[in-house]
Amino acid sequence: MRFIALIVLLCLSYSLQAQETFKYNGVHQPDQHVWYIYNATIVVSPDKVINRGQLIVKDGRIEQVGSDLNLPAGAIQVDAQGGFIMSGIVDARSSFGMPDVPPQQWEWEEPNYDPQRMQPVGWNDAIKSSVRAADIFTPTEKEAETLRSFGIGAVQTYNQDGIARGTSMVSLTGNGRSETLVVRDKVGAHFSFNKGTSEMPYPNSEMGSIALLRQFVADADWYARGGNNVEFNASLQALQAQRELPWFFEAESYRSALRASRWAEESGKQLVVAGSGDEYQRIAEVVQHDDTWILPVNFPAAYDTKDPYDRRWISYNQAKHWQMAPYNLRIVDENGVEFCITTSGCESPKEFWKNMRLAVEKGLTQESAIRALTVTPAKVLGVSSDLGTLEEGKIANFVIWSGSPFTSDASLHQTWVGGKQYNIQDMKVNLAGAWNFKLDCMQQIEFAGTITNTKKGYAFEIDGVDSTSSKSVSISVSSGAIGLDIHGYCKEDSTAHILCSGFMSGNTIRGLSHMPSGETAEWVLSRSATDVASIDEQEAETTAKPDVPAYRVPLHGFGQTALPKQEHVLIRNATVWTSGPAGVIENCDVLFNNGKIVRVGQNLSASGAIVIDGTGKHVTPGIIDEHAHIAIENGVNEASQASTAEVRIGDVVDPDDLTIYRQLAGGVTSSHLLHGSANPIGGQSQLIKLRWGQGSEELKYTDNDPFIKFALGENVKQSNWGDFFTVRYPQTRMGVEQIFVDRFTRARAYEQAWKEYNSSGKRGTPPRTDYELETLLQILNSERFITCHSYVQSEITMLMRVAEQFDFRVNTFTHILEGYKVADKMREHGVAGSTFSDWWAYKYEVIDAIPYNAAIMHNEGVLTCLNSDSHEMARRLHSEAGKIVKYGGVSQEEALKMVTINPAKILHVDNSVGSLEAGKDADVVLWNGNPLSTRSLALATWVDGKRMFDIEQDKQLQQEANAELEELLNMMAADNSPNKQKAQQEHNHGHGCLDKHDHAHPFLNTQVEKK
Amino acid sequence: MNHTINVVRAIVFLLAIGLARNVSAQSVPAPGEQQSTPIAITNVTIHPGNGQQAFVGTVVFDKGVITHVGKRPSDFTANTVVVDGSGKQLYPGFIAVNSTLGLREIGAVRATRDNNETGMVNPNVRSIIAYNTDSRVIPTVRSNGIALAQITPQGGVVSGSSSVAQLDAWNWEDATVKADDGIHVNWRRMTVTATDPKQAKRQQQQIEEFVAALNTLFEEAQAYAADSEDRQMDLKLEAMKGLFDGSKRLFIHTNGAKEMTAGVQFAQKFGLTPVIVGGHEAHLVANLLKEAQVSVVLMGTHRLPSRSEDAYNLPFATPALLAEKGIEFCISSGGDWGQRNIPFEAGTATAHGLSYEQAVHSLTGASAAILGIADSYGTIETGKSATLFLSSGDALDPIGNNIEKMWIDGRAVNIRNKQVDLFDKFSEKYGH
């Protein structure tokens, strides 16, 4: 203890004069310590280990490391007592010395669409690219001490606030003035999708964050190409300078991480991604992107399985992730992905190291673990010359453990930072040897014995006393004081204890004892011989690598264990609803192979095909849901600005959404994923096929005409948003029109500006690439098509007239519940109608909605389809089409077309899907009865000829999924960790959004007012 | 012009020539007149509504009451109007349990919402007096075969008292079939979901407080019911008296197995047999419900499974599970305009294991029993109210549901609605 106190004093004086330029108070005291640390297993680098080695530290750096180094003159010796030395952790994800970022709390007040910052920076408060970590770095010893207790010697620290977060620095974790800790400034540029403390509405969705970043990069390019002559913008200037730095991204799931990766690749950058620990779930995609990862080990706690009611709410996804998370690092490593390990996410060193050991137990090699804690982060941060290994010349950042940190009983004794020694937990006092005890009292007590160091503590063997004797000595060490409890030596009472406490110097321990009689007496224990190496040698724990448990993709009970293969199928003798010119054919066969329909007709044969007896059954094309919000993550609505044409649903497709599987069970094979309806000009749409099990990019149609969502009426004028939302333009239908006219006018001007620039030989500053206007320009040039949320006839006509004014056509009105009032005008304009069968009365603008709407539009010659706009109802679109037979008497054949070929036409993909015709995609549904009937169900659904749903396989899947889940829950029950998680009941958003008067804030709640 | 439109036209024509008093286009048609002559529907497929097999036969009713149901035609009096039901289906009028019909007109417009009183304990508020017979929504629901509804208040812990109304009335007093039939309690979710120990403890406390507060309320109500003579009038406890004399039923709204168990045990402690409204997990506690003779108002089949690992079709198949386990249940969807789809919610259940007549029963006989009006409504049996409708096809399927005639208490109901009027208006405009 005295020693440590001295160290602290030394450190204080050392740090005060470490900077050359600083004045000092008192007398100059140069830093010229030499340390000789000996008797340790030293991991110089992950692949180089020295047994019984020594380390010489001089002036804060590693002077020498080896196995037979001589003690340099004037060196302070540190006996590592057979411990384990490795480089201190380099943690690439830290907010050390950075300001707190309070979580955003919505207050009910009018939103403010203007930036709050007064500095000459960019327009959006979430873009903080000009922040430089070193400018705001104000570390505290308390933070540093916590970091050191993990064994961290250096961190990358940065302002963890905003979407663009500026540059980071690498800092040591020592105790000293901030400038003495900086290893490197401007290490990397940092980004996230989280707007942090910005109170601006934009962006409120992940796709909005991506759009903001995309525009930001483009703006910075423009700034460098002359934009700086147009405006001063510190944010753009900063980003341009950060082009040369590594880019870091903080992501909350592997899906977000891959999105970030795609964004960066557009900008010609690879990322270092701070991941979330679920990367194993789509490891193949992770490998493809070739990024480096910073991965946590904050594995989820087991769930509490005691209550049989609550136990049911633990999902396969949660339970399986609990099982798999400890394998994540191993899986990532074995797939050749470069990664660092971060302590962030772990509350305590205990949790961190417990989980590190668990990861190693699950098969991560110790070498990989050490590399990911030290060498890789040093490399990623560009500080390999200073940090990451214990090679000569590097900063003396290392940790002394009692044994390998990957063994459960090892403890961290010291963390050395910049050549300074910080005690974490006292090293065990080495008492091994032969000792003589003597106590001076009325009755003198003397005996001799041998102390050995054990894993738990110490053992004292008294000479000449066997184990049956009642005589014994037990030893305890606390805060440097050595305690003895001597039993059986009191002459008056052989059962009494004599309690002794004392302090050690060299080979002598002296102290005071309390006798059973109440007297005190002095005692001494002297060592006659020492045995330095008596601590048990760490035995390498060689346990066999466990197998990686099998897991489903996506990580759901209904996920795929293997992707279905394309089938060669002949369905015989069914009623076939072709939705094509051939109409409905009884006793008909359908043959498909290699993902395409080969033939539809009678008496077909095909060798090698799976033959399905379709007698009494019906076959239809896969159902196409023209208006869906499934498989979209972290926000359906970028509900902030009146126009968000730049955001793309395609950026945030979620291939893991269980709804995909559930809708396949309803015969749905394609879904048009739309932005919400919170603003007149919403985001770009994404058409997907329900290829359950495949990745987000593989779900997408390619080379199809792109679409965009527009919206009119109550939602965009914020009628039902509450009393605070009366600020944003427009608040009336009159204003809605003006938004369109204004944006389209600007888009034309934008086009003109580019034309002029290009025709003038590209001289001067180019116009700024504006993704919002680019998108609108595509509409004007009929390269992108509008799906417009609409209800009442006035606004429907208005948008058609605006489009005509700008010489294009609206492609689709969706909802269009008063379409029947202007069906003739719609036909003349050439716009399609995509409607609900029978919804109404949920808000004022649907007061005249009628279920006959589809029939009237259809009868009037408007291309008409039915959509769901609902996670649930899409499963029943087939019988929603049946309602059009009831309401308005449309023929059954035409009704089915409203959910097959008509939406395909509306989406411009009728060349490949929507009907059963030779050459088209084999998107096929087999039904047990009339597909329009609510009393029928889908027996099997093929997408591209792959059987994505089968009612028999589904039953088997249910059993398997629940059996696997039960097994996992039993494993959890056997887990005896004290802090178990409570089961979370899941929330469905399947009931549409008729009544969205919940109290969630629209900018935080992304499911706002879709209908 | 296709077939179904012609059918619709034909009905309009039929109504115009004498069955309905006034068919000039209006948002809410006038209620039908008292039955003045006997009506016989012959050769029709009769779905009795009691779960038993349908059969082809004749139904006769007079002065609003069914006088004959049989496979063979009975002798008609000379003035009997005979309706040929050949190839058609006759059902008891469907009953929409737990509905806000007439209490809410336009969901998003506050001024039109009368379904949710402020405060947590409102047993004394009475839905029937706010029931708007001139709601434009009601006729649209009626047109699909729904003849009766339980008008049910919402919100708070004790939402209020519901009443049963028939859907073809001049005013709420005319509409009332059974006033103040039940008291509605919303049972709190009892699962602790917070991971943070402090929050978890707080949640646990809230759950305990909820149960304790409800317990106190019911203890007081029971005491008041036993001895209200000498006490000052307490409107809330007064309203709850009916629970203890059997004149009102206790409806507990909840979906969870845990909450259902707690709710049923709670009610039994006070000697009450509750009805569960919601009941998504009722199949898990079937023994409890059966032994306690608790019926379930199953809130819908058109919903997503609640657990990820549930079968995709569990909501569709829940009615079959309940039937198999012998639990009495009816199917509803809650709300107002959407109640017109309850026939199809039951129809979907038939694709997933429920027998057809059980499905019909779940909209008729079972509903009437749960509402305590089974002596007059819910089945096509001699002596029961002539509340029934004739459909040209399968009423549980949108491609069959086509109501040609409907009678409530023997009165011919004008089954037009504002939406049909708009359909006609614009079809005419376009010359369709």
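## Helix packing: α12 and α13 of chain A

A crossing of two helices is left-handed if the near helix is turned anticlockwise from the far one by less than a right angle, and right-handed if it is turned clockwise. In this predicted model, helix α12(A) passes helix α13(A) in a right-handed crossing. The contact draws on F352(A), W353(A), M356(A) and V360(A) from α12(A), which meet Q366(A), A369(A) and L373(A) from α13(A). Sorted by class, the residues that join α12(A) to α13(A) comprise six nonpolar and one polar, with no charged residues.

Two packed helices are described by the angle between their axes and the distance between the axes. For α12 (residues 349-361) and α13 (residues 366-373) of chain A, the angle is about 140° and the axes are 9 Å apart. Angles over 145 degrees count as roughly antiparallel, and α12(A) and α13(A) are therefore classed as oblique to each other.

## Helix packing: α5 and α7 of chain A

A second pair in chain A consists of helix α5 (residues 206-224) and helix α7 (residues 254-266), whose axes come within 10 Å and cross at roughly 20°. These two helices, α5(A) and α7(A), are therefore roughly parallel to each other, and α5(A) passes α7(A) in a right-handed crossing.

On the α5(A) side the contact is made by E206(A), I210(A), L213(A), R214(A) and V217(A), while α7(A) contributes S256(A), R259(A), W263(A) and E266(A). By class, the contact of α5(A) with α7(A) divides into four nonpolar residues, one polar residue and four charged residues.

## The interface between chains A and B

The size of an interface is often given as the accessible area lost when the parts come together. Between chain A and chain B the buried area is about 6300 Å², and carbon and sulfur atoms give 55% of this area. On the side of chain A, the residues W840(A), K886(A) and R935(A) supply 12% of the area buried against chain B, which is more than any other three residues. Counted by residue, 79 residues of chain A are in contact with 63 residues of chain B.

There are six salt bridges between chain A and chain B. A salt bridge also links D310(A) with K258(B), where the closest N and O atoms are 3.1 Å apart.

## Salt bridges over all chains

A search of the whole structure finds 79 salt bridges over all chains. In one salt bridge, the side chains of R743(A) and E772(A) meet at 3.1 Å, N to O. Because R743(A) lies in helix α17 of chain A and E772(A) in helix α18 (residues 771-780) of chain A, the pair ties together parts that are 29 residues apart in sequence.

## Backbone features in chain A

Most residues other than glycine have a negative phi, and most peptide bonds are trans. Against that background, a cis peptide bond joins Y202(A) and P203(A), with omega at about -10°, and P203(A) is found in the loop between β10 (189-192) and α5 of chain A. A cis peptide bond also joins Y729(A) and P730(A), with omega at about 5°, and P730(A) lies in the loop between β35 (707-711) and α17 (733-759) of chain A.

The residue N39(A), which is not a glycine, has a positive phi near 65°. This residue, N39(A), lies in strand β1 (residues 34-45) of chain A.

Notes
Residues are numbered from 1 along each chain as its sequence is written. Chains are lettered from A and ligands numbered from 1 in the order in which they are written. This is a predicted model: local features need pLDDT of at least 70, side-chain atom pairs count only at pLDDT 80 or more; totals for chains, interfaces and linings use all residues. Side-chain values use heavy atoms; hydrogens and water are left out. Axes are lines fitted to C-alpha atoms, for helices over the stretch in contact, and angles run from 0 to 180 degrees between N-to-C directions. Helices (H or I, at least four residues) and strands (E, at least two) are DSSP runs, numbered from the N terminus. Angles under 35 degrees count as roughly parallel, over 145 as roughly antiparallel, 65 to 115 as roughly perpendicular and the rest as oblique. Contact means heavy atoms within 4.5 Å. Ala, Val, Leu, Ile, Met, Phe, Trp, Tyr, Cys and Pro count as nonpolar, Asp, Glu, Lys and Arg as charged, and the others, Gly among them, as polar. Buried area is the accessible area (1.4 Å probe) that two parts lose on being put together, summed over both. A salt bridge is a side-chain nitrogen of Lys or Arg within 4 Å of a carboxyl oxygen of Asp or Glu.
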